[in-house]
Amino acid sequence: AFSSKTLSEFLLERRLMLTDSLEKCLKKGKGEEQALAGTVLTLLCLQMGSGPEGEEVFRSLKPLLVSVLTDSTASPGARQSCATALGMCCYIAAADLEDLVSCLSCLEGIFSPPSAGEGGSAPTQHGPLHCSALQSWSLLLTICPPSHIKSVLDNRWLKLPPLLSSSMIPQPCPGNGGREQCLEPRPLQTSLVFWQEDLCHQDTEFLRAQLKVLATESNKYRAKTDRRKQRSIFRDILRFIESGEYQEETIRFGLECMYLDSWARQRTYQAFKEVLGSGIRHHLQNNELLREIFGLGPPLVLDAAALKASKVSRFEKHLYNSAAFKARTKARSRVRDKRADVL
């Protein structure tokens with residue numbers, strides 16, 4: 001219900017009761033209950049927005065999120081859910097820089113590689129947890145002031161490339177029913193925020209060499225679709241680092257559309273999409289918080305006549321699909337025809 005509807009007014013009257021219930025789940029619950037509490041808390045903050053109410057919910061439950069996340073004896077699924085919740089709730093409701101810096105530091109402590117004496121690579125058994133912590137960390141970087149990003153770049157830059165050579169094998173993420181793999185390409189989007197802010201690091205040759213290898217990797221222990229996705233993402237990253245080119249993406253919802261024209265904007269959209277699932281389009285249309293974040297203005301108010309006029313009839317769809325099919329068949333036939341071969 002939280003992901004598919006906008007219920008802010010309904011929830012404002014009940015936020016204290018919900019906060020108390022979530023606090024009990026995080027304190028006394030085990031495993032799955034704590035994981036679900038983290039997910040519900042993220043959606044609750046998304047519904048509350050960035051006002052005083054959302055800030056109050058985040059401030060009251062932040063210590064519990066940090067406690068579960070840093071507890072090595074807690075369930076990996078619960079820790080993963082709390083990593084996502086901490087990043088999302090801080091992004092939405094954190095009121096000052098102190099909260100932002102403390103959350104960044106906590107998340108970094110999860111994915112930072114061990115010291116050189118311990119092997120220098122992340123342990124395999126916590127791959128999904130590391131992915132969630134990295135994704136939340138990179139999301140928070142998109143709202144950091146430039147001065148703090150410079151500090152992160154100077155002090156933590158060298159911690160990122162070792163994760164690319166980590167021995168972590170992709171595993172199904174518990175939060176999405178095992179449909180999507182926790183892949184290594186995602187963490188590299190964090191470093192691209194630095195380039196996006198014109199704070200390019202001088203020593204990038206070692207990173208480029210790693211990216212070129214990963215952009216052409218063909219290890220058989222990964223599924224074909226996963227290898228294809230990895231190569232595609234790393235090619236895009238390498239192209240951006242070398243030439244500054246970013247492939248713009250268009251997201252359509254209802255009668256509107258928005259453009260993802262930077263890595264930071266894409267990371268933000270992906271974070272909300274992972275939390276809301278299929279409800280992302282409804283929230284882009286109606287949730288004031290998301291519309292403010294993406295600069296979409298107030299929600300559109302359309303009457304029945306306008307909605308009806310915007311819909312394409314089934315016959316028009318059929319004509320369009322037929323024409324597209326015919327054009328595609330002609331184009332492919334020319335390529336397949338032996339007479340089209342050029343010696």
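Me: Why is Ser 60 called partly exposed?

Reply: In this predicted model, Ser 60 has a relative accessibility of 38%; buried means under 20% relative accessible area and exposed over 50%, with partly exposed in between (1.4 Å probe, protein chains only), so Ser 60 counts as partly exposed. Residues are numbered from 1 along each chain as its sequence is written, and side-chain values use heavy atoms, with hydrogens and water left out. Local features need pLDDT of at least 70 and side-chain atom pairs count only at pLDDT 80 or more, while totals for chains, interfaces and linings use all residues.

Me: What makes the buried residues of α2 line one face of the helix?

Reply: Thr 19, Leu 22 and Leu 26 are buried in α2, and, seen down the axis, the buried residues fall within an arc of 65° (taken from the directions from the helix axis to the C-beta atoms), so they line one face. An α-helix has 3.6 residues a turn, so residues three or four places apart point the same way. The face turned away from the buried side carries the exposed residues Leu 16, Met 17, Lys 27 and Lys 28.

Key
Helices (H or I, at least four residues) and strands (E, at least two) are DSSP runs, numbered from the N terminus.
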